[in-house]
Amino acid sequence: MRGHEPRSTSSCAACKLLKRRCSPNCIFAPYFRSDEAKKFAKVHKVFGASNVSKILVEVPEEQREDTVNSLAYEAEARLRDPVYGCIGAIALLQRKMIQLQHDLALARACLARYVATPSVIVSSDDHHRVITGPFDDSPVDCGVSFDSFNQNISYELNQEANMYDFSQIPYI
């Protein structure tokens, strides 16, 4: 646990930002190292140092590191999206999950049609993947417009990925 690691003689990121002397029993020191100034600055901007201190005092010591990581994640989300914060990221992921479930259902339906049809010849045009039967040249349309689908999804993902790209947060 980071709370029991020996500290260096330098002030923690919280005390540096707040311009105060870092005491040996500083509540912030184990969780906001001196090289994590941006992490504390974001948490302080959203929650305030006093509130973070109160939260850390109330949380059992073995859960404090997770609490700080959660606060840092929530602060980052709130700064990126002041209206929705973490809920915006959660809603985005839920929408993506629903879309992927829909796409999976379409792919399974298309595969079931393909397996059920004694077809061996597969042809495609610019907009639809069409499966033709070997005995009667009647096409079995899977009902998926792959080109327009791929363009729409990639555009939406690129637009929303920039706002909710939390993979770059160094403290998670």
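1. Ile 27 is in contact (heavy atoms within 4.5 Å) with Ser 53, Leu 56, Val 57 and Arg 64, leaving aside its neighbours within four places in sequence. Ile 27 lies in the loop between α1 and α2; helices are DSSP runs (H or I, at least four residues), numbered from the N terminus. From Cys 12, Ile 27 is 15 residues away in sequence and 9.8 Å away in space, C-alpha to C-alpha.

2. On the basis of the note: this is a predicted model, in which local features need pLDDT of at least 70 and side-chain atom pairs count only at pLDDT 80 or more, while totals for chains, interfaces and linings use all residues. Residues are numbered from 1 along each chain as its sequence is written, and side-chain values use heavy atoms, with hydrogens and water left out.

3. Buried here means under 20% relative accessible area, exposed over 50%, and partly exposed in between (1.4 Å probe, protein chains only).

4. Val 43, apart from neighbours within four places in sequence, is in contact with Phe 32, Gly 48, Val 52, Leu 71, Ala 72 and Ala 75. Val 46, in helix α2, touches Ala 75, Arg 78 and Leu 79, not counting residues up to four places away in sequence. Val 46 and Leu 79 are 33 residues apart in sequence but 7.6 Å apart in space, C-alpha to C-alpha. Val 46 counts as partly exposed because its relative accessibility is 28%.

5. In α4 the buried residues are Arg 64, Thr 67, Val 68, Leu 71, Ala 72, Ala 75, Glu 76 and Ala 77. Their cover includes α2, α3 and α5. The 17 residues of α4 should span 24 Å at 1.5 Å a residue, and its end C-alpha atoms are 24 Å apart, which agrees; the expected span is 1.5 Å times one less than the number of residues.

6. Helix α5 has 31 residues and reaches 45 Å from its first C-alpha to its last, close to the 45 Å expected at 1.5 Å a residue. Its buried residues are Cys 86, Gly 88, Ala 89, Leu 92, Asp 103 and Cys 110. Ile 90, also in α5 (residues 86–116), is partly exposed, with a relative accessible area of 44%.

Conventions. Helix = DSSP H or I, 4+ residues; strand = E, 2+ residues; numbered from the N terminus.
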